[in-house]
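Q: Walk me through the labels attached to this model. What does each one rest on?

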Amino acid sequence: MTDTVQPLIAYPGSFDPFTVGHLDILRRACALFPRLVVLVAADGKAGLLPAERRVELIRRAVTDLENVETRVFHGLLVDEVRRCGASAVVRGIRCAGDYEHEWGMAGVNALLDHQVEFIYLLARPDLAAVSSTLVRDVIRHGGALEKLVPPVIAAALRREFSSD
Ligand code: PNS
């Protein structure tokens, strides 16, 4: 009998920080596909957390998800997808603005490598307002994070950013 390798799907993003919306997309992707790799972009604009710290927090938040690996990537997404042997990329879409952004990225990615397939999952309506940008603002002002990021990440960020 020959060993069959389970298809690998990439879930890329900045995840600065990883939110409850990201976790929901990842959980749903895990229910659809056998293996996921969360790819944390290291080369985006400076945000709140260094890429390695984002990876560490995601790993802590997804310990119950089997067959999920998380790591940093540098450079172009299509190059990393080819390097890690992923068959497709999954992305979440929350609203029309996200759709337009994804449309542009999909177009450029297709010109860079037309073999990389993109799969889009619509955000759960009750989580669609949650963005990392707004969560960073809540963190800066010391607001409650419990409904915005997974509990283990909320606790870590509270420790890291509380002023007392
Ligand atoms: O969570 P984000 O910020 O919406 O994720 C965007 C991300 C990291 C997936 C995107 O910026 C990306 O793929 N960056 C890697 C650089 C790249 O490939 N750029 C060209 C294609 S748009």
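A: Start with contact, which means heavy atoms within 4.5 Å. Leaving aside neighbours within four places in sequence, Glu80 is in contact with Leu39, Arg71 and Phe73. This is a predicted model: local features need pLDDT of at least 70, side-chain atom pairs count only at pLDDT 80 or more, and totals for chains, interfaces and linings use all residues. Residues are numbered from 1 along each chain as its sequence is written, and side-chain values use heavy atoms, with hydrogens and water left out.

Q: Why is Glu80 called buried?
A: Buried means under 20% relative accessible area, exposed means over 50%, and partly exposed is in between (1.4 Å probe, protein chains only). Glu80 has a relative accessible area of 8%, so it is buried.

Q: Where is Glu80 found, and how far apart in sequence and in space are Glu80 and Leu39?
A: Glu80 is found in helix 3. Helices are DSSP runs of H or I with at least four residues, strands are runs of E with at least two, and both are numbered from the N terminus. Glu80 and Leu39 are 41 residues apart in sequence, yet their C-alpha atoms are 8.7 Å apart in space.

Q: What makes Val81 buried?
A: Its relative accessible area is 3%, so Val81 is buried. Val81 has its place in helix 3, residues 77-84. Neighbours within four places aside, the contacts of Val81 are Ala10, Ala86, Val89 and Val116. Val81 and Val37 are 44 residues apart in sequence and 9.8 Å apart, C-alpha to C-alpha.

Q: Why does Thr19 count as buried?
A: Its relative accessibility is 1%, and therefore Thr19 counts as buried. Thr19 has its place in the loop between strand 1 (8-13) and helix 1 (20-32). Leaving aside neighbours within four places in sequence, Thr19 is in contact with residues including Val130, Val135, Leu148 and Pro150.

Q: What makes Val135 buried?
A: Val135 has a relative accessible area of 1%, so it is buried. Its place is in helix 5, residues 132-140. Not counting residues up to four places away, Val135 touches Pro17, Thr19, Val130, Leu145, Leu148 and Val149.

Q: What kind of peptide bond joins Asp16 and Pro17?
A: The bond is cis, with omega about 0°. Pro17 is found in the loop between strand 1 and helix 1.

Q: What is the phi of Phe15, and why is Phe15 called buried?
A: Phi is near 50°, a positive value in a residue other than glycine. The relative accessible area of Phe15 is 3%, so it is buried. Phe15 has its place in the loop between strand 1 and helix 1.

Q: Why is Asn67 called partly exposed?
A: Asn67 has a relative accessible area of 48%, so it is partly exposed. Asn67 is not a glycine, but its phi is positive, about 65°. It lies in the loop between helix 2 and strand 3.

Q: Why does Asp98 count as buried?
A: Its relative accessibility is 13%, so Asp98 counts as buried. It is found in helix 4, residues 96-112. Asp98 touches Gly92 and Ile93, not counting residues up to four places away in sequence.

Q: Which residues of helix 2 are buried, and what do they pack against?
A: In helix 2 (residues 51-61) they are Ala51, Arg53, Arg54, Val55, Leu57, Ile58 and Ala61. They pack against helix 1, strand 2 (35-41), strand 3 (68-73) and helix 6 (151-161).

Q: Which residues are around the ligand?
A: Among them are Gly13, Ser14, Phe73, Leu77, Arg91 and Asn109. A residue is near a molecule or strand if one of its heavy atoms lies within 4 Å of it.

Q: How far is an oxygen atom of the ligand from the side chain of Ser14?
A: It is 2.6 Å from an N or O atom of that side chain. A polar backbone atom of Leu77 is 2.8 Å from a ligand oxygen. A polar side-chain atom of Arg91 lies 2.9 Å from an oxygen atom of the ligand. The ligand exposes 540 Å² taken alone, and the protein buries 70% of that.

Definitions and conventions:
A polar contact is a pair of N or O atoms within 3.5 Å; within protein, one must be able to donate a hydrogen and the other to accept it, and residues adjacent in sequence count only if both atoms are side-chain atoms. Accessible areas come from the Shrake-Rupley method with a 1.4 Å probe; for residues, only the protein chains shown count as cover.
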